[in-house]
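Trainee: I would like a close look at one part of this model. Please take the aromatic pairs and what surrounds them.

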Amino acid sequence: FLSSKDMHSLDILQEFVKYGIDSLKIEGRMKGLLYLSVATLAYKKTLSDFSKALFFKELLDKVPNRELSHLNILEKTYSDVHQERNNASSHQFLGNIIHQDGSFAYIEVKNSFSTPQKATVISPSSISEITLDHIYDLDHQEIHRTKPSTVVKIKNKDLELYSLLVL
């Protein structure tokens with residue numbers, strides 16, 4: 001039903017419900033992990049409270065992704081779609097929580113970051129803010145800057161497994 005570019009439909013989601021649509025498939029083959037996580041959370045939370053649609057639509061605009069539209073839903077022309085494209089993606093994907101051992105959360109680093117660093121945590125159930133004060137390598141040596149494609153650990157701040165960290 002929805003093409004991979006139609007994920008900009010939060011503002012008309014209430015219409016879907018009104019007309020009895022009770023299932024949506026989020027097409028994810030051409031999207032990144034960060035975008036899919038935010039899109040899934042956005043649709044879930046918006047279905048619970050339609051007043052949050054604008055907040056989540058603006059959040060989706062900040063996440064790096066391919067262009068978004070209502071192309072198939074509202075039958076806009078190709079030129080209209082390109083005018084809607086938002087090139088101002090402002091979130092940088094820092095990494096994701098891949099393991100927890102009680103005291104520490106382990107982050108698979110996607111883009112380097114330094115301490116202290118404020119970050120947004122996008123978990124399967126919520127969005128929150130944390131400050132990354134101390135980062136440790138796997139030998140428990142404190143480091144001040146991470147490197148992409150490495151695993152680091154931070155003191156567990158009640159982070160859910162599979163949460164994403166973004167700037």
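Mentor: What follows starts with the aromatic pairs and then moves along the strands and loops.

This is a predicted model, where local features need pLDDT of at least 70, side-chain atom pairs count only at pLDDT 80 or more, and totals for chains, interfaces and linings use all residues. Residues are numbered from 1 along each chain as its sequence is written, and side-chain values use heavy atoms, with hydrogens and water left out.

The structure holds two aromatic pairs. Rings of Phe, Tyr and Trp (its six-membered ring) pair if their centres lie within 6.5 Å; planes under 30 degrees apart count as stacked, over 60 as edge-to-face and the rest as tilted. F55 and F56 form an edge-to-face pair, with 4.9 Å from centre to centre and 75° between the planes. F56 is buried at 6% relative accessible area. F55 is partly exposed at 48%. Here buried means under 20% relative accessible area, exposed over 50%, and partly exposed in between (1.4 Å probe, protein chains only).

The other pair is F104 with Y136. Their ring centres are 5.8 Å apart and their planes stand at 80°, so this pair is edge-to-face. It links distant parts of the chain: F104 belongs to strand 2 (residues 104–109), Y136 to strand 5 (residues 135–136), and the two are 32 residues apart. Strands (E, at least two residues) and helices (H or I, at least four) are DSSP runs, numbered from the N terminus. F104 is buried, at 12%. Y136 is buried too, at 10%.

F104 has a further contact. K153 lies over the face of its ring, 4.7 Å from the ring centre. The rule for a charge over a ring asks for NZ of Lys or CZ of Arg within 6 Å of the ring centre and within 35 degrees of the ring normal.

Now the salt bridge. The count is one, taking a side-chain nitrogen of Lys or Arg within 4 Å of a carboxyl oxygen of Asp or Glu. E108 pairs with K110, and the closest N and O atoms are 3.7 Å apart. E108 is partly exposed at 30%. K110 is partly exposed at 35%.

Next, the backbone. T115 and P116 are joined by a cis peptide bond, with omega about -15°. P116 sits in the loop between strand 2 and strand 3 (117–122). H140 is not a glycine, yet has a positive phi of about 65°. H140 lies in the loop between strand 5 and strand 6 (142–143).
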